[in-house]
Amino acid sequence: MIHVTLLAHTPEPEKTVAAAARLCYSPATIDELMEGMTEEKTASFVDMLSQLGHESPIEHASFTFGIEGVSRSLLAQITRHRMASFSVQSQRYVAENRFEYVVPPEIDALPEAKAEYLRAMEEDQRHYERLTALLKEKHLEEKLSAGMEPKAAARAAEKQAIEDARFVLPNACTTKMMVTMNARSLRNFFRLRCCNRAQWEIRELAEQMCALCLKAAPHLFRGAGPGCVSGSCPEGKMSCGRAAEMRERYAAGRG
């Protein structure tokens, strides 16, 4: 199950964004800009930026998330969002003994498919453990022959073994990561990944992240969500046809 935590964000993100926007048009010093930013002025400036489509000041606010319980398949998708920083648990250095995995809802709902899927995961685990054992034995012998101390040799041999054994692990295997994006990149991420046409796992992740951002910076993320929430559906003939439903849902989520 996906679990997302908002670990950190720019202090007073909306005030920072509003001050950056004011700076473009004001002769005031930085200190004067910050001192004059009341809560009302901050909200007004942030709302105005959204209306004007002036998004560069939004990049001054960043948000860092801790993400758990997602598949390596999702990892391949989220790293396509290049204006972001990622730190991911490594299968090269962390052994996947009894690895956890994601079960797609459509497979989970069909008993015969689920049984086949679980058998595949168990088989992958056996192959991984067998390969790790064979490779570790080989590397350990080589390192001991080279004069390495036994404990150090065993640690090094295991790390070298799992580096190659990981190639049999499935996309379903879970991973953990920390992700940092600025607010402009996040809003674009939500436009694309909260959409009904996005793959189910990354859509669920995006929805959780969006809800956390909305709590932390409600004006900055007021129009966040799939593209149809803040305008017409950008999917054209590929539209899911549920734009009105999505607008109502996201409006309700904003209280």
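Is R98 buried or exposed? I looked this up first. R98 counts as exposed, because its relative accessibility is 59%. My cut-offs: buried is under 20% relative accessible area, exposed is over 50%, and partly exposed is in between, with a 1.4 Å probe and protein chains only.

**Ground rules.** I am working on a predicted model, where local features need pLDDT of at least 70, side-chain atom pairs count only at pLDDT 80 or more, and totals for chains, interfaces and linings use all residues. Residues are numbered from 1 along each chain as its sequence is written, and side-chain values use heavy atoms, with hydrogens and water left out.

**Backbone.** I stayed with R98. Its phi is near 55°, a positive value in a residue other than glycine. Most residues other than glycine have a negative phi. R98 sits in the loop between β3 (84-88) and α5 (105-108). Helices (H or I, at least four residues) and strands (E, at least two) are DSSP runs, numbered from the N terminus.

I then turned to E12. E12 is not a glycine, yet it has a positive phi of about 45°. I place E12 in the loop between β1 (3-9) and α1 (13-23). E12 counts as exposed, because its relative accessibility is 52%.

**Nonpolar core.** Next I looked up the cores. I take a nonpolar core as a set of buried Ala, Val, Leu, Ile, Met, Phe, Trp, Tyr and Cys residues joined through side-chain atoms within 4.5 Å. The largest one has 44 residues. Which of them touch the most other members? I list F63, I67, L186, F190, M209, L220 and F221. Helix α9 (residues 200-216) gives the most to this core, with seven residues. A second, separate core has nine residues, among them Y128, I162, L169 and C173.

I checked M209 in detail. Contact here means heavy atoms within 4.5 Å. Leaving aside neighbours within four places in sequence, M209 is in contact with V4, F65, I67, L186, F189 and F190. In soluble globular proteins, nonpolar side chains tend to be buried together.

**Aromatic pairs.** I searched the whole structure and found five aromatic pairs. Rings of Phe, Tyr and Trp (its six-membered ring) pair if their centres lie within 6.5 Å; planes under 30 degrees apart count as stacked, over 60 as edge-to-face and the rest as tilted.

F63 and F221 make an edge-to-face pair, 5.4 Å centre to centre with 80° between the planes. F63 lies in strand β2 (residues 62-71) and F221 in the loop between α9 and α10 (227-230), so the pair ties together parts that are 158 residues apart in sequence. F63 and F221 are both buried.

F189 and F190 make a tilted pair, 5.9 Å centre to centre with 55° between the planes. F189 counts as buried, because its relative accessibility is 0%. F190 also counts as buried, at 0% relative accessibility. Ring pairs link F63, F189, F190 and F221 into a cluster.

**Salt bridges.** How many salt bridges does the structure hold? I note eleven. The criterion is a side-chain nitrogen of Lys or Arg within 4 Å of a carboxyl oxygen of Asp or Glu.

- K114 and D108 meet at 2.9 Å, N to O. K114 is partly exposed at 31% relative accessibility, and D108 is partly exposed at 38%.
- K138 and E142 meet at 2.9 Å, N to O. Both lie in helix α6 (residues 111-145), four residues apart, about one turn of the helix. K138 is partly exposed at 44%, and E142 is partly exposed at 41%.
- E245 and R242 meet at 2.8 Å, N to O. E245 is partly exposed at 41%, and R242 is partly exposed at 37%.

I also noted a network of salt bridges that links E55, E59, R184 and R187.

**Cavity.** On a 1 Å grid over the protein atoms alone, a cavity is a set of points where a 1.4 Å probe fits but cannot get out; lining residues have an atom within 4 Å of a point. Grid points are joined across faces, edges and corners, and a volume is the space filled by probe spheres set on the points.

The structure holds one cavity of 30 Å³ or more. About 70 Å³ of space lies in the largest cavity. Which residues line the largest cavity? I list C195, N196, R197, P226, G227, C228, C233, P234, E235, C240 and M246.

Conventions
On a 1 Å grid over the protein atoms alone, a cavity is a set of points where a 1.4 Å probe fits but cannot get out, and a pocket is an open set with protein on both sides within 12 Å along at least five of seven lines; lining residues have an atom within 4 Å of a point.
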